[in-house]
Amino acid sequence: MGAAGKMGSGILLLTAMEMTDLMLQNKELKLVLYAVDVSADGLSGLLQYVQSQVVRAAEKKTVLLRKLYADRKDLIENGDVIEQYTKDVLATIRISTHLSDIYDSSLVFEAIKEDPKLKVSILREIDANSQESPWFFTNTSSIPIGELNTDAGLNGRIIGFHFYNPPAVQKLVELIPTEDCKPELIEFAKNYARNLRKKIVPSNDFAGFIGNGHFMRDALHGIIEAKKLNDQFSFAESVYIMNSISQDFLLRPMGIFQLIDYVGIDVVSYIMQVMNPYLPDEELHSELLDQLLTKGVKGGQFSNGTQKDGFFQYKKGRISHVYELKTGAYVPVDEIVKKSESFTGPLPQPANWKQVNFSPGKKEMLENFFSKLKSMDTKGAKLARNYVLESKRIGELLVNTGVAASVDDVNKVLETGFYHAYGPINNYFN
Amino acid sequence: MTAGYNTISLGTGRKEFHPKKPRPGLEHYIDEAGKGCLEQIGGGKNVDECVIGNFMAARFNKQANLPGFFPMIDPDLRFKPATSVEGACGSGGLALTSGIRSVLAETAEVVLSIGVEVQNTMKAIYGADVLAGAGWFQERKNGHAYYFPGQFSDRAGAYFEKYGREKTRQAFARWYKNAIDNARLCETAQEFHNNTEDLEELAMMEPNGKVFVDHLNVFDCSKVSDGASSIAILSEEGLQACGLTKDQAIEVVAWSQVEEDITKPPQDLTSLTTIRTAVALALDRAGITMAQIGTVETHDCFTVAGLLGVEAMGLAEPGEGADFILQGNTARDGVIPFNTTGGLIGWGHPTGATGVHQAVTIWEQLTGKAGKAQIEIKKDRPYGMSVNMGGDDKTIVVVIYKQAT
């Protein structure tokens, strides 16, 4: 369900290939995968997306596919095998806009909007009409799974299986069993993740889990720090400066405002709204995000993967303009860069996530970078140190409040799911 | 032979190569190589006949009837005879022997031979299907996804089993290092820009049969290349007619071209028996021994083919090729330098062009035109030899050359 969405389409792709592989290994097995979504247009686009992605995947695993199709005498060349595999994967998929089509499914994967009421009503409807007592997987990123379990009356037949975006690429899955989750469902989920070659990090069933538990608070920190700069700088300049601090000075793949754009300002705001009631001692809410949404600035992506306008406008994936709240216009980034750099001061070298993250000498490079940053007396270095320490505080909070079972789990989520070069719980600034 | 010319070998490794950006096509390479040779021999008016060696333009480029491209190079080639020859990766060698035959038969005084292949038109996984055409199609179904790497991986595996793995793999790594060292001295080489420091350590990477083949890694393999080479094959009269002197040319002392049954598996996986036969025949015809050969261009489509080639030439006993290589004999400062501009692994392997490229390299070395890649040709070893192979030891062309006098 939600198969045509950004997450749903990736999950569908991986699952359809896994089912096809299982059927090729066991000719007796007959599996069908229903792709259900409210959008008929989305579903037709989905098939095109799946087709192109399966071809790419098949090109990479042709050695294996030739073995799986060894009995097909008509499939001789790699091209023949890749074409047949693509047809077979597509043939396992039935697209539908009617929920009733999946009433008899034994396994349901839900990846719809992060809306508790909607989720509960749909889970309920399927369960009520099913003869199968189906198992439910849910790609929920912030709503406690236990609540869905109780409200939909599923008695432990649901498990949180939280992919990262895009699911076809990202290696991380957060696995969130409810208290009464059936052990055989947990076992099945682990196997499923293993077959999809995903890394599992277990998370306790607490709103936001580990990934959003860190991201939302980290984002709020960036927003607050940018606001503090508003005395000296325009809105656009402040946003640009904090984005640069959280990317270049923290050696992250994206700055915090770019990441919010990537996920979608509307989605971030919504996740905060979902999480906030569960956090009595915190206020997880941003007026700024509300303001932007009322002005129609939403971020997120088009279905072809290009970025919509948010805090920034993008050209070929690079920031080209920055949003100015006062005027509602976008300012060319070139007009801001120099001012930002003269405020933050120079970057320690090497100063690039890509250089560091894929280097065999990564550990030393990071220590070297942060030890330089520690000794620098520039405004940029100070903001960066605060940021690193806040990120660490959030990480430790997740461990101390029992959301994550260990420091390692928190670090693994940020390193795998967010592509950070290092985990937030570190000793760089002790 | 004289007036050799090579285009660059374009593909991964070259700075100007981007898989997603448009690249020169087949026509460009034929034209550049053709003009490169013709400019040195006074133009198309001096040419009596043309031959083009190519393996699979019909699939890589959806183009056949390649002789028709000669008049495009130079209008003076219109209405002159031209032929296309094919013997898989030995096509270039056949373009040489075809020209040699015409000159010997006195039906031509000057033959323009070109070899060409443009392979980067498709991803490697589909290119492997095309290249598999060098084997028997009836065997394709049971072959590896990467068909030829699979064939030579089987040879490597059999060799490991018979003679030991570790030292053999070290010899493969040394072969790779020599190839890159040589390619760095030749501006047209695909690995010219390679600046990896420890090449042998890199090449010792463990093979991974899950994603590639069991006994070879990518450094054991030749390149996927776009490129063309050309050379003029002339009689003494032809040389004079082109206004050239003998010191600019090399003499074809002897050649052999032998064929093995494509429908039969190799008699012995640890030996290149067809190359062994062809080399012995050519040496016999030339009346010389390997001890008189100063440099060899051999068909190292894979490191293991380089090593087995060394043994097939009789330079080392079966099982001792690795020692021969590890002792430095095939390096550019060794007893008998091999593949002095990088060979198929370092210079590149535009399949149908390779046989011609080998002749061009020997021509450069024996006439002192090899630039930075120049080796010393000693008086007691005045001969050069090229060994070009189509398929898995099926179509073999060996040519022995010396400076023309």
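Tutor: Happy to; we can go through the chains, their domains and a few local details.

Student: Great, what sort of model is this, and how are things numbered?

Tutor: This is a predicted model, so to speak of local features we need pLDDT of at least 70, side-chain atom pairs count only at pLDDT 80 or more, and totals for chains, interfaces and linings use all residues. Residues are numbered from 1 along each chain as its sequence is written, while chains are lettered from A and ligands numbered from 1 in the order in which they are written.

Student: How many helices and strands are there in chain A?

Tutor: Chain A has 17 helices and ten strands. Helices (H or I, at least four residues) and strands (E, at least two) are DSSP runs, numbered from the N terminus.

Student: And what is its radius of gyration?

Tutor: For chain A it is 23 Å, close to the 22 Å that the globule rule gives for 430 residues, so chain A is as compact as a globular protein of that length. The radius is taken over C-alpha atoms, and the rule is 2.2 Å times the number of residues to the power 0.38. Along the principal axes, the C-alpha atoms of chain A fill a box of roughly 70 × 50 × 40 Å.

Student: OK, how much of chain A is buried?

Tutor: Of its 430 residues, 43% count as buried. A residue is buried if 20 or more other C-beta atoms lie within 10 Å of its own, exposed if 12 or fewer, and partly exposed in between, with C-beta atoms placed from the backbone.

Student: Where do the domains of chain A fall?

Tutor: Chain A is divided into domain 1 (6-202) and domain 2 (211-417); such bounds come from an automatic or database domain assignment. The domain centres, taken over C-alpha atoms, are separated by 32 Å. The contact takes 16 residues from domain 1 of chain A and 15 residues from domain 2 of chain A, where two residues are in contact if their C-beta atoms, placed from the backbone, lie within 7 Å.

Student: Which element gives the most on the domain 1 side there?

Tutor: That is E7(A), with three residues.

Student: What about the domains of chain B?

Tutor: Here domain 1 is 2-122 + 225-245 and domain 2 is 146-217 + 248-403. Their centres, over C-alpha atoms, are 23 Å apart. The contact takes 42 residues from domain 1 of chain B and 35 residues from domain 2 of chain B. H4(B) gives the most to the domain 1 side, with eight residues. That side divides into 15 nonpolar, 23 polar and four charged residues. In this count Ala, Val, Leu, Ile, Met, Phe, Trp, Tyr, Cys and Pro are nonpolar, Asp, Glu, Lys and Arg are charged, and the others, Gly among them, are polar.

Student: How many residues of chain B are in contact with chain A?

Tutor: Ten residues of chain B are in contact with nine residues of chain A. The chain B side divides into five nonpolar, no polar and five charged.

Student: Which residues of helix H5 of chain B are buried?

Tutor: In H5 (residues 124-131) of chain B, Ile125(B), Ala128(B), Asp129(B), Val130(B) and Leu131(B) are buried. The buried residues of H5(B) pack against several helices, including helix H3 (62-68) of chain A and helix H6 (147-163) of chain B.

Student: I clicked on Thr62(A); buried or exposed?

Tutor: Thr62(A) counts as buried, with 22 C-beta neighbours inside 10 Å. Thr62(A) lies in helix H3 of chain A. Not counting residues up to four places away in sequence, Thr62(A) touches Asn78(A), Val81(A), Ile82(A), Ile125(B) and Ala145(B).

Student: Last one: what is the strand order in the open sheet of chain A?

Tutor: The order is E8-E9-E10, with antiparallel pairing; two strands pair if DSSP finds at least two bridges between them. E8 (312-315) and E10 (329-332) of chain A stand at the edges, each with a single partner strand, so one side of each is left without a neighbour in the sheet. Four bridges join E8(A) to E9 (residues 318-324) of chain A, and Gln313(A) stands opposite His321(A) in E9(A).
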